[in-house]
Amino acid sequence: MSDHRPPLYEVHVALGAKFGSFGGWLMPLEYAGVLAEHAAVRESVGLFDVSHLGKLLVSGPGAAGYLNTRLTNDLGRIGPGQAQYTLLCNDAGGVVDDLIVYLFGNDHVLLVPNAANTATVSAALGDGLPGGVAIANQHEDYVVLAVQGPSSGKVMAALGFPADMDYMAFETARFDGQELTVCRTGYTGEHGYELVAPNAVAEPLWAAIVSAGQPCGIRPCGLGARDTLRTEMGYPLHGQDITPAINPVEAGLGWAIGWAKPSFDGGVPLRRAKQDGPARRLCGIKAQARGIPRAGMTVVGDDGAPLGEVTSGTFSPTLKTGIGLALVNASVRAGDTVGVQVRQRVELFDVVRLPFVDSHVR
């Protein structure tokens, strides 16, 4: 089956985008190049099409309460108009998906899972759905545009959209007669916004953002830069850094679990993992020389014995060196030196605390 094309596909073609497959969607990888696009987000502002992300509307009396019995984080920590990072876990505590919850009210919740996992999340949450609560898959009905970078607030203000919001807050706005949601979220580590809008206004909205961002030097950015940006922040990518075989305790995501809640999917094994401590943990690694780590490469100790493997790796445009995330034996700590099997040689890496670069999301 061929990949879905986003509503803005022809716009990306006209801009000269290179495309790649993401969760069954054909999405722009880059336009002018990853380094230039990465720099735009760190220094000014970039515009991403992330419409491949899922959109699940959960509605009906007690919708939020039901979700709170299934997802790891505690929806009681936030109120209407706020978003929350959370996880859906399996019976063994592994991560089925990580997602963002938009809480409109107790009977109206928007879930944004990863593209490839949308149907899986919908089916899992649909099993046990209480009467009166429904899940609608709106994956192909809306675009999601991310405006990210230090100048992103100026772009939002120029458009007349809500800009002065706390991190993870959202508001609705109007554009061309359509309602859209503007949220202070993103996956780049910079001040930014994500806009969820009906497909009907996809092209004029993209054009309006580009026009409003011209004084700031806005650049269209592909998912290649999004990956280097999120790796510099140590943000996990599902399918690599977190999977159904990797639990949140191992991945350092215990902060996204409402431990005081009575129950949530995977709660029993996760409480046990927290109490016992993980046998392995996700950590940051930074090259001492020129090595660039890639997912699947073996991490070794000074005696050559395997310690784990790289789950994400790239060249950091900000630090000008190789960085990565690695799932390794829990005995490995920040400040240690490990080796990574890069082709036929072992390159040395420092184990570092995440993030690799400072966060400016707030």
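## Salt bridges

A salt bridge here is a side-chain nitrogen of Lys or Arg within 4 Å of a carboxyl oxygen of Asp or Glu. The model is a predicted one, in which local features need pLDDT of at least 70 and side-chain atom pairs count only at pLDDT 80 or more, while totals for chains, interfaces and linings use all residues. Residues are numbered from 1 along each chain as its sequence is written, and side-chain values use heavy atoms, with hydrogens and water left out.

By this rule there are 7 salt bridges. One of them joins Glu347 and Arg345, with the closest N and O atoms 2.6 Å apart. Glu347 counts as buried because its relative accessibility is 12%; Arg345, at 39%, counts as partly exposed. Elsewhere, a network of salt bridges links Arg42, Glu190 and Glu232.

## Arg230 and its two partners

Arg230 forms a salt bridge with Asp227 at 3.0 Å, N to O. Both residues lie in helix H7 (residues 223–233), 3 residues apart, about one turn of the helix. Helices (H or I, at least four residues) and strands (E, at least two) are DSSP runs, numbered from the N terminus. Arg230 has a relative accessible area of 3% and is therefore buried, whereas Asp227, with 28%, is partly exposed.

Arg230 also meets Asp241 in a salt bridge of 2.9 Å, N to O. This pair links distant parts of the chain, 11 residues apart: Arg230 is in helix H7, and Asp241 is in the loop between H7 and helix H8 (267–276). Both Asp241 and Arg230 are buried.

## Asp49: buried without a salt bridge

Asp49 is located in strand S3 (residues 46–49). Asp49 is buried but has no salt bridge, and Lys55, the nearest side chain of opposite charge, is 7.4 Å away. For charge, Lys and Arg count as positive and Asp and Glu as negative; His and the chain ends are not counted.

The side chain of Asp49 makes polar contacts with the side chains of His12, at 2.7 Å, and Ser51, at 2.5 Å. A polar contact is a pair of N or O atoms within 3.5 Å; within protein, one must be able to donate a hydrogen and the other to accept it, and residues adjacent in sequence count only if both atoms are side-chain atoms.

For Cys221, the nearest cysteine sulfur is that of Cys216, 13 Å away. Cys221 counts as buried because its relative accessibility is 2%. Cys283 is also buried, with a relative accessible area of 9%.

## Hairpins and backbone angles

Two strands pair if DSSP finds at least two bridges between them. Strand S16 (residues 306–316) pairs in the antiparallel sense with strand S15 (residues 298–300) over 3 bridges, and with strand S17 (residues 321–329) over 8 bridges, again antiparallel. The hairpin of S15 and S16 has 5 residues between the strands, and Gly304 in its turn has a positive phi of about 85°. The hairpin of S16 and S17 has 4 residues between the strands, with Lys320 at a positive phi near 60°.

Met168, not a glycine, has a positive phi of about 70°. Asp176 is likewise not a glycine and has a positive phi of about 50°. Met168 is buried at 14% relative accessibility, and Asp176 is exposed at 55%. A cis peptide bond, with omega about 0°, joins Leu354 and Pro355.

Note on methods
Buried means under 20% relative accessible area, exposed over 50%, partly exposed in between (1.4 Å probe, protein chains only). A disulfide is a pair of cysteine sulfur atoms within 2.5 Å.
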